[in-house]
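Subject: Structure handover

Hello,

Here is the structure you will be taking over. My notes on it follow below.

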Amino acid sequence: MQARDIAVKLPTVTVQDPVTRAVRVMTLARLPGLIVVDDDSRPRMVLPGTQVLRMTVPGAYQEDPALARTVDEARADLFWQEQGDLTVGDCLPRQPVKPATVALDATLLEVAALMARLRSPLVAVVDHAGVLFGTITLDRLLTSLALAGPDD
């Protein structure tokens with residue numbers, strides 16, 4: 001089996017999208033993370049869900065857990081909406097990071113090795129021009145591996 005055989009079309013975001021939209025896209029589609037694409041649908045970054053969450057938490061609260069304890073419960077439940085007009089691009093690392101991508105003809109072992117090495121619950125599958133073809137999630141990969149194996 002190749003990556004193209006198990007890749008699926010999933011929602012993506014761009015660097016211009018608000019962080020709140022990114023959270024909603026990930027949540028409503030029940031994704032383990034997000035793929036950030038450029039205007040030509042080329043993956044710019046693959047973000048595990050924990051990195052998407054990190055975009056929503058103001059830096060001061062990440063650096064000082066005691067400060068987070070001072071926020072009342074009602075406001076604490078809405079912290080992620082307080083990022084205002086902050087975009088996905090505003091939250092990306094300044095140093096470019098190579099996105100977790102595989103070619104259409106990558107084997108499932110290659111996909112698994114990349115996910116394991118990068119600790120990423122999803123990878124982008126790209127065509128020969130680097131354009132996003134689809135996404136493979138960890139769940140989809142493991143399901144495909146389990147179904148492809150010999151019967152127990």
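Is Thr20 buried or exposed? Thr20 is buried, because its relative accessible area is 16% and the cut-off for buried is under 20%. Please keep in mind that this is a predicted model, so the values here are computed from predicted coordinates.

Thr20 belongs to helix H2, which covers residues 19-28. Once neighbours within four places in sequence are set aside, the contacts of Thr20 are Trp80 and Gln81.

Overall layout

The protein chain contains nine helices and six strands. Its C-alpha atoms fill a box of roughly 55 × 40 × 25 Å along the principal axes. Of the 152 residues in the chain, 38% are buried. Taking contacts between residues at least 6 apart in sequence, 57% join residues that are at least 24 apart.

The sheet

Three strands form an open sheet in the order E1-E2-E3, and the pairing is mixed. Strand E1 (13-14) and strand E3 (43-48) are at the edges; each has a single partner strand, so one side of each has no neighbour in the sheet. Between E2 and E3 the pairing is antiparallel and runs over five bridges.

Ile35 sits in strand E2, and its bridge partner in E3 is Val46. With a relative accessibility of 2%, Ile35 counts as buried. Leaving aside neighbours within four places in sequence, Ile35 has contacts that include Thr12, Val13, Met45, Val123 and Thr135. Leu132 is another of the contacts of Ile35; these two residues are 97 apart in sequence, yet their C-alpha atoms are 9.4 Å apart in space.

In soluble globular proteins, nonpolar side chains tend to be buried together. The largest nonpolar core in this model has 21 residues, and Val102, Val111, Val123 and Ile136 have the most contacts inside it. Two or more residues of this core come from each of helix H1 (3-6), strand E2 (33-37), helix H8 (108-118), strand E5 (122-126) and strand E6 (132-137). Apart from this core lies another, of 17 residues, which includes Val25, Met26, Trp80 and Leu92.

Val111 shows how parts of the chain meet. Beyond its neighbours within four places in sequence, Val111 touches Ala3, Val102, Ala106, Val123, Ile136 and Leu141.

Charged side chains

How many salt bridges does the count come to? The count is two. In one of them, Arg21 meets Asp17, with 3.4 Å from N to O. Arg42 is partly exposed, with a relative accessible area of 31%.

A further charged side chain, Lys9, lies over the face of Phe133, at 4.7 Å from the ring centre. As for ring-to-ring pairs, the structure has zero aromatic pairs.

Regards

Key. Residues are numbered from 1 along each chain as its sequence is written. This is a predicted model: local features need pLDDT of at least 70, side-chain atom pairs count only at pLDDT 80 or more; totals for chains, interfaces and linings use all residues. Side-chain values use heavy atoms; hydrogens and water are left out. Rings of Phe, Tyr and Trp (its six-membered ring) pair if their centres lie within 6.5 Å; planes under 30 degrees apart count as stacked, over 60 as edge-to-face and the rest as tilted. A charge sits over a ring if NZ of Lys or CZ of Arg is within 6 Å of the ring centre and within 35 degrees of the ring normal. A salt bridge is a side-chain nitrogen of Lys or Arg within 4 Å of a carboxyl oxygen of Asp or Glu. Buried means under 20% relative accessible area, exposed over 50%, partly exposed in between (1.4 Å probe, protein chains only). A nonpolar core is a set of buried Ala, Val, Leu, Ile, Met, Phe, Trp, Tyr and Cys residues joined through side-chain atoms within 4.5 Å. Helices (H or I, at least four residues) and strands (E, at least two) are DSSP runs, numbered from the N terminus. Contact means heavy atoms within 4.5 Å. Two strands pair if DSSP finds at least two bridges between them.
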